[in-house]
There are 2 protein chains.
Amino acid sequence: MTDATAATTAAAPVSAPRATLDSVAKLAGVSRQTVSNVMNTPQLVKPETAERVQQVIRQLGYRPNLAAKRLRTGQSRLIGLRIFGVDGDAVFDRFLHALTDAAALRDYRIILYTSPTDEGEIGAFDELVDRWDIDGIVLTSTHRGDVRSDHLATRGVPCVTFGRPWDDSARHSWVDVDGRAGTKTATETLIAAGHRRIGFLGWPLDSDVGTDREAGWREAMREAGLDCREPVRRDNTLDSARTGAREMLNTEAPTAVVCVSDVMALGMVAELAAEGRPTGIAIVGFDNSTVAASNGLSSVDQPLVAVAGHCARLLIDQIERPTSSTAALERILLAPKLISRASSRPPDLSPPANSP
Amino acid sequence: MTDATAATTAAAPVSAPRATLDSVAKLAGVSRQTVSNVMNTPQLVKPETAERVQQVIRQLGYRPNLAAKRLRTGQSRLIGLRIFGVDGDAVFDRFLHALTDAAALRDYRIILYTSPTDEGEIGAFDELVDRWDIDGIVLTSTHRGDVRSDHLATRGVPCVTFGRPWDDSARHSWVDVDGRAGTKTATETLIAAGHRRIGFLGWPLDSDVGTDREAGWREAMREAGLDCREPVRRDNTLDSARTGAREMLNTEAPTAVVCVSDVMALGMVAELAAEGRPTGIAIVGFDNSTVAASNGLSSVDQPLVAVAGHCARLLIDQIERPTSSTAALERILLAPKLISRASSRPPDLSPPANSP
DNA sequence: GCGTTAAATTGGATCGATCCAAAAACCCAA
DNA sequence: TTGGGTTTTTGGATCGATCCAATTTAACGC
């Protein structure tokens, strides 16, 4: 090693020890606290000083140590999210990805946990809050009488849900997709294409989501003055969807069917194929999963990137501005979008009529 | 409030301030360090003392603050995992869930990150390591000439990959599923059922995973003395799978087809249905995705819970015992299992022959 | 030029654990 | 009883940031 230059700035050899507030302060000739202020409350610092400090920060590649910050402030920049068992749920997958991105934009990270039951989840909350200092939680799969959000509220943990609280309790902000609007649009589109006998393949009535989507279909039918045949309702599996489809086809078969999910829609398609009438009945699914896309199935697409963006925003705002616990409640309902594919434009019903 | 009892143990009213090492120590009448030893190095503590301290720990519900531990030791008990863009990949979904569980058993948590490219991922590493102090990383989607593991190795970050390094570089432990064995078993099963002309619908040759799976089919055919027709290779989408299927059917159609993935298999099924011969050709997929299951498609199931378990074990061992960086390298290859469903037992070929 | 107020900056204490070296307690043979 | 060697226990320093109160500097009106 020669001498010169390296004297005062002996900072970054091959693998420098991480820069700290102190090392930056020393090199910039100011105090620790001033450097901190430059990063957190710049309005308190004289512009010239700030500029000089910024310079050194860049030079040393300084990044505040999160563990120290967390120890002092109790904030971790971690957001908890429960990941569920296998449901082959591409929706959750996409949401997870979008949420990770949205959170990262504000320098938060997603930390995962699992739990076999909702009750177990409450135990997990305590662990996550007490030991991991998570700043907030995103809840999914909300349902009537959900105890989870109440528990979080009493513990004072910020939370947002993806999914409405289906009862009247509204002690937290939420974001959801307007399923009813989705099926309504789908139904209207089918009506506009000339369909009159349109069926609905839904879920059992204990599902609020299912009932909501069913309502959209019903509404569109009513507004068009069309007769609402009784929907067929089955569990969300391909097999039970097929039995439902069979039942529907046996009694005055519809010319089009709106389905509460892609799985149901695929069951419908499968049954049609098995019965030897592959095309001729228009079908629309819900979720726009990749299988739906690759099967040429029209489907209602949930705007998951937007949902995740709103979730992140609402939650982080709540975390960073812990004022007015109840005042700033927001409920956001996003409209999904119908993706039209071959399945809802059967060749025998709609020749390429309207081009715009 | 009356008096009595509460005098010395005035510890846990409605919402006690979290217990700390100090508060436990004070109540137990020992020093801070002794409590720490009880938790981390019990063999240094006299049994009676340990018992007394444990008592207090339970009584106060003490849990060590991770931020403090992290600040002092630089360990965070966080494991990084990149989540990829939408590929409708149910495999990753299941792996993610299993990994979260496996890590939690040893008190580690999964923290997610995203990155549009492998190069960007390297930037993400630095951030994750420097600021978040992550203890290790699980890499997926390894490929030939993967720069990521090398970078981690030079930075000294423990890592394990789910997926072999397909070149000879082996500077890290890895866990993978033996695709070749899977397709081989599938092919052998078809041969045992009486099939002789068995095709393979694969991926383009630049995919090491695809080539590996193809090799299993080839091997089984050779060992049975059967003729290996040239495989048809297409990208992993339903549409291109269908064109591949068409090509395969046009030239001396096989009686059975082993497919490199469920997506390809579904394309095969779709094409068969479209051509009006829905049953009659046996088909086996790979991944055992939910759509495969619900379509009655036989498929090779990857033991993802086991894979995740091994990943967690190898990584955490490496984290906690940073000895012998290269000595303890492990390569674990797990055999997948064929799940037989209707698609590989077409009624015209295999009447329920062998019951055992 | 000087007191008064506002703007900038500073140093010490703190969060809650671990590291480390030294002290205390204990055991046993000489 | 005492000294050497273990086994247990202890208190102070430390990780790297923020909180807080105090101090220095700048600005301004008269």
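A residue is termed buried if 20 or more other C-beta atoms lie within 10 Å of its own, exposed if 12 or fewer do, and partly exposed in between, with C-beta atoms placed from the backbone. The model is predicted, and local features need pLDDT of at least 70, side-chain atom pairs count only at pLDDT 80 or more, and totals for chains, interfaces and linings use all residues. Residues are numbered from 1 along each chain as its sequence is written, while chains are lettered from A and ligands numbered from 1 in the order in which they are written.

Strand 6 of chain B (residues 198–202) is largely enclosed by the rest of the structure, because five of its five residues are buried; helices (H or I, at least four residues) and strands (E, at least two) are DSSP runs, numbered from the N terminus. B:Ile198, B:Phe200 and B:Gly202 point one way from this strand, and B:Gly199 and B:Leu201 point the other way. Strand 6 of chain B pairs in the parallel sense with strand 8 (residues 256–259) of chain B over four bridges, pairing being assigned if DSSP finds at least two bridges between two strands. In strand 8 of chain B, B:Ala256 stands opposite B:Ile198.

Near DNA strand D, 26 residues are found, and the closest are A:Thr20, A:Leu21, A:Ser36, A:Ala68 and B:Thr49; a residue is near if its C-beta atom, placed from the backbone, lies within 6 Å of the strand. Helix 4 of chain A gives the most to this surface, with five residues.
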